[in-house]
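Here is a short report on one protein chain. Please keep the sequence and the 3D view open while reading.

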Amino acid sequence: MGDMANNSVAYSGVKYTIKDSNHGDFGITLEELRDLMELRAADALHKIQDCYGDAHGICTRLKTSPNEGLSGNPADIERRAAVFGKNFIPPKKPKTFLQLVWEALQDVTLIILEIAAIVSLGLSFYQPPGGNEALCGTVAAGEEEDESETGWIEGAAILLSVVCVVLVTAFNDWSKEKQFRGLQSRIEQEQKFTVIRGGQVIQIPIADIVVGDIAQVKYGDLLPADGVLIQGNDLKIDESSLTGESDHVKKTSDRDPMLLSGTHVMEGSGRMVVTAVGVNSQTGIIFTLLGAGGDEEEEKKEKEKKDKKTKAQDGAAMEMQPLKSEDGGDGDDKKRNNMPKKEKSVLQGKLTKLAVQIGKAGLLMSAVTVIILVLYFVIDTFWVQKRPWLAECTPIYIQYFVKFFIIGVTVLVVAVPEGLPLAVTISLAYSVKKMMKDNNLVRHLDACETMGNATAICSDKTGTLTMNRMTVVQAYISEKHYKKIPEAQAIPEKTLSYLVTGISVNSAYTSKILPPEKEGGLPRHVGNKTECALLGLLLDLKRDYQDVRNEIPEEALYKVYTFNSVRKSMSTVLKNSDGSFRIFSKGASEIVLKKCFKILSANGEPKVFRPRDRDDIVKTVIEPMASEGLRTICLAFRDFPAGEPEPEWDNENDIVTGLTCIAIVGIEDPVRPEVPDAIKKCQRAGITVRMVTGDNINTARAIALKCGILHPGEDFLCLEGKEFNRRIRNEKGEIEQERIDKLWPKLRVLARSSPTDKHTLVKGIIDSTVSEQRQVVAVTGDGTNDGPALKKADVGFAMGIAGTDVAKEASDIILTDDNFTSIVKAVMWGRNVYDSISKFLQFQLTVNVVAVIVAFTGACITQDSPLKAVQMLWVNLIMDTLASLALATEPPTEALLLRKPYGRNKPLISRTMMKNILGHACYQLVVVFTLLFAGEKIFDIDSGRNAPLHAPPSEHYTIVFNTFVMMQLFNEINARKIHGERNVFEGIFNNAIFCTIVLGTFIVQIVIVQFGGKPFSCSELTVEQWLWSIFLGMGTLLWGQLISTIPTSHLKFLKEAGHGTQKEEIPEEELAEDVEEIDHAERELRRGQILWFRGLNRIQTQIRVVNAFRSSLYEGLEKPETRSSIHNFMTHPEFSIEDSETHIPLIDDTDAEDDAPTKRNSTPLPPSPNKNNNAVDSGIHLTTDLNKSATSSSPGSPLHSLETSL
């Protein structure tokens, strides 16, 4: 682990341990145990031998028995927890509600609104002194008396809407965080580990493990605490999560007995004594370091901010800022754990862009409105009426200008769709809540919506597509192939006894079948699933394996060759009472059969078994089983007579040979019954499902056919991992994107694949440019080794039941039932979010277009907006906020799965929607303007235009306002469909919220009109006038039918809006893997500063770089300038940005990076002369890559080590 890690570990120990003085009456202190666990291999062994003798010595000092374990006495357990700590790592502090509020306030649209509101509020309290009106010209209607008193309502209403949005957003984030923590604790409580207490093997929750416990470890375990091995069979551990070394480490009590928490048992089994738990274990130490690191980062950021104020000319800080934690340096271990922010989700990107466009348009309209009003006023007063500018009239003129400005602000407020952020938030939050019911626990909100765009799903087989409940369904026993499990009477007694003993003894004693938890449930399989299937076979044959195990306890086994992926078999030697030995073996049928020279015949006697017979069995039994998707296992035995000298047990190949075959069984992992249908839905929805599995290719192909991933007669590829690697690598063994591009569109099944293959495939599909749309890939995974692929994918699904912690940490969504159909539900919800936002936009933009045009033309022609500010806000706020609630909570329908995914570049507002928006806007404008300019004649009432000062609200303008609102109400129903469907009422009663809101709005509108009076500038209307308003409103429904008859294809002139960000528009620093998200609007502002500082800085950096690399390292590097401009970047297609290879380093990458230098530059780097510490290498990448400033050398970053090593 390197000295650096050790120092830091030591320092964190001081900070986080429990009071060491209180080490109870144990013969060993917490400090001593910690120091011991920091040593590795030989050092540790010497320390144990010098200080304690051996593992048993440690047990004695910890007052525990290597065979019986702890007594299990609660007082003793509690004392141990008090002295040595609990096995619990405190989670990071959650964000407080206020922090979440502050984050929600950073939204661009909200900021625009806040400014508008504050200006409007300020102006409403500004009351100019009165003057002599007569002298100052008779200008068209001035402000009404009440308007100035109620002017503040407008600003307050906007601020209120902002507060609503912020609180809703923050509350959502907060409750999501709470839900997630709840799930985390639920998951943690469910995790159990096997320990020995009071001589009984029991499973206890991981949090209850204490120092001194004797834990049983077996293949596939994630070790929950540190310990020292007491006894092991063939134990091999994958320590890559701590050391980054991918080789498995062999553990024996006499060579390397140290077992560390967070590492994986890849082979074998054993017993260990627990020596460190929780924050004192190796994983705990790293976690506390990360926690501390996190706090320090915060402090550092604060300091940076202060420094920036004092010395803005120091470009270095600025230069580093937008590129924070890009690909190396301090952020590394922190990033890997606190999920890096992914690039802005597709929808957020499109919305931000759209909001900025609409905001600009609104700003333009409001500016024009103000300019026209001011010019009209000035020309009319001073030019037409030829009046002089009088000093005493200035306040009055100012009052007019302020009024014009308020009208301008009103136009702007109406133009900016503040319902947008709210609609998105509500829609996502509603979906996330409902997705919980569909067994999707969403960890990152945007994943929910990205899922709607998914074009490919790479799924595991075991547990996701299949039930992960292995059962024996076929058997070849005593020369007969049974398609169903035979009755016990059909099998010769001798064969049966071999079978029963062989299966019971030659399997891990931790594998058991327990009674079901619920009445009528299935029996629970504990331990290795394949072994459970064999034990299940014995139960089917009405035999009990436990009796045999009680007769032959685990200690009585003479020698065990545990299962591993190389030998693909497991054997157990028994010593009989007469001195003879018998060995039982089981394993992959093709391998074990090769070692069989005899077979048990129909009467239970061994008979000769020739290679010819073997080929027959392979053809007639094994291949048919494999083609049905069964895993075949061969069971065999061999006797060593008493008289012969004892065999050389370590020479396994001589022992496990000359066997006698007992039986061959076919084990099925049945496909989940609902999966084929779910996959069909995915394919119909334009999503390709690929299966990535470690199983053999025949079984994988058979399962893929059963699931419907493959169909007979199609030319899709099924590859094994080896073949896949051969095809995608060039002569030098490097992966080439072009080669992957040739492969992936046809690939459906990848069998015998390693975790690296999975990551390579996902990365290859995501980076591919073959199809016109960039592929959006979802990946499912449960193992720790799936972490990199889950992280690389656009949406990572981890299994809630079978998944390891590492997988869950790397995922975006957790499937709480491990079921593939839940993924299809996620797709449905994702598409629904997208559609809900589009529905809302269609409605919102119609309101906006009409309101802005009415306010604009009205103001220009009649010098006063026909819709008063407060009315505008009622239309704006209520229609916005309530409509976002109504339209964003539409439940998803199966119909969503009948269309292809939209993809990243599809605009939010399609041509059809644009047609609807403009079509309805035309109808509404015609109605409003007709009423405005001819309403008094139609209804035979007084005209409201050019009303004198302080006139009471007119019926005329009230009718205009009322009709306008009625049209919006009915248009809300139109907006429910966005793909040009005819029936807009379909399923309307499934959405109670929608119905409630439409009715509610209608009732409030009646109240406003009939009783709103002066504040709302309304006067009461008669029943007849109301009926006309409603009738004109309903016209929008008929008009909608007319619009949908016009084929969109004829309207080529309609533009689409709200595209996703194109690749060319993104400055190159954004293309790096885990860049912090930068808002489009912010980016516009910052690009200038950044470039300016970068220019200055580049010169300094280049001088530094040249000096540093004058040595032999310099030859192979490109000069930094070659990538300085974005055009160069686009003309060098070979500049592929890959992320580093797939190990999961948790400790500072400089040590672990050895086997995976980050491949970034297109030129191959010269081999580094410094082999042990790749810091120099990573230094090169950092400095050549986008010229990051070499001044960022905080200790611990590769650059720091670069300077020290140079």
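## Basis

This is a predicted model, in which local features need pLDDT of at least 70, side-chain atom pairs count only at pLDDT 80 or more, and totals for chains, interfaces and linings use all residues. Residues are numbered from 1 along each chain as its sequence is written, and side-chain values use heavy atoms, with hydrogens and water left out.

## The whole chain

The protein chain holds 41 helices and 26 strands. Both are DSSP runs numbered from the N terminus: helices are H or I with at least four residues, strands are E with at least two. The chain has 1206 residues, and 54% of them count as buried. Buried means under 20% relative accessible area, exposed means over 50%, and partly exposed lies in between (1.4 Å probe, protein chains only).

The accessible surface of the protein chain is about 52,600 Å². Carbon and sulfur atoms contribute 59% of that surface. The areas come from the Shrake-Rupley method with a 1.4 Å probe; for residues, only the protein chains shown count as cover.

## The eight-stranded sheet

Eight strands form an open sheet with mixed pairing. Their order is S8-S26-S25-S24-S9-S21-S23-S22. Two strands pair if DSSP finds at least two bridges between them. Strand S8 (440-442) and strand S22 (717-720) stand at the edges, each with a single partner strand, so one side of each lacks a neighbour in the sheet. From one strand to the next, the twist averages 20 degrees. Axes for such angles are lines fitted to C-alpha atoms, for helices over the stretch in contact, and angles run from 0 to 180 degrees between N-to-C directions.

Strand S21 (residues 688-692) has four of its five residues buried, so it is largely enclosed by the rest of the structure. S21 pairs with strand S9 (residues 456-459) in the parallel sense, over four bridges. There, Ala456 has Thr688 of S21 as its bridge partner. S21 also runs parallel to strand S23 (residues 747-751), joined by two bridges. Met691 stands opposite Val749 in S23.

Strand S24 (residues 777-781) and strand S25 (residues 795-799) are parallel too, with four bridges. Val779 faces Gly796 in S25.

## Aromatic rings

A pair of aromatic rings is described by the distance of the centres and the angle of the planes. Rings of Phe, Tyr and Trp (its six-membered ring) pair if their centres lie within 6.5 Å; planes under 30 degrees apart count as stacked, over 60 as edge-to-face and the rest as tilted. By this rule there are 13 aromatic pairs. Two of them are tabulated.

| Pair | Centre to centre | Angle between planes | Class |
|---|---|---|---|
| Phe26 and Phe84 | 5.2 Å | 45 degrees | tilted |
| Tyr834 and Tyr902 | 4.9 Å | 50 degrees | tilted |

Phe26 lies in the loop between helix H1 (2-16) and helix H2 (30-38), and Phe84 in helix H5 (residues 74-84), so the pair ties together parts that are 58 residues apart in sequence. Phe26 and Phe84 are both buried.

Tyr834 sits in helix H31 (residues 820-862). Tyr902 is in the loop between helix H32 (869-888) and helix H33 (911-939), 68 residues apart from Tyr834. Tyr834 and Tyr902 are both buried.

Tyr558, Phe581, Phe640 and Trp649 make up one aromatic cluster.

Charges also sit over rings: NZ of Lys or CZ of Arg must be within 6 Å of the ring centre and within 35 degrees of the ring normal. The charged end of Lys559 sits over the ring of Tyr561, 5.2 Å from its centre. The charged end of Arg748 sits over the ring of Phe716, 3.9 Å from its centre.

## Single residues

Lys350 belongs to helix H14 (residues 346-384). Its relative accessibility is 0%, so Lys350 counts as buried.

Glu479 is not a glycine, yet its phi is positive, near 60 degrees. Glu479 lies in the loop between strand S10 (471-477) and strand S11 (480-482). Its relative accessible area is 36%, so Glu479 is partly exposed.

Arg752 also has a positive phi, about 45 degrees, although it is not a glycine. Arg752 is in the loop between S23 and helix H28 (755-767). With a relative accessible area of 37%, Arg752 is partly exposed.
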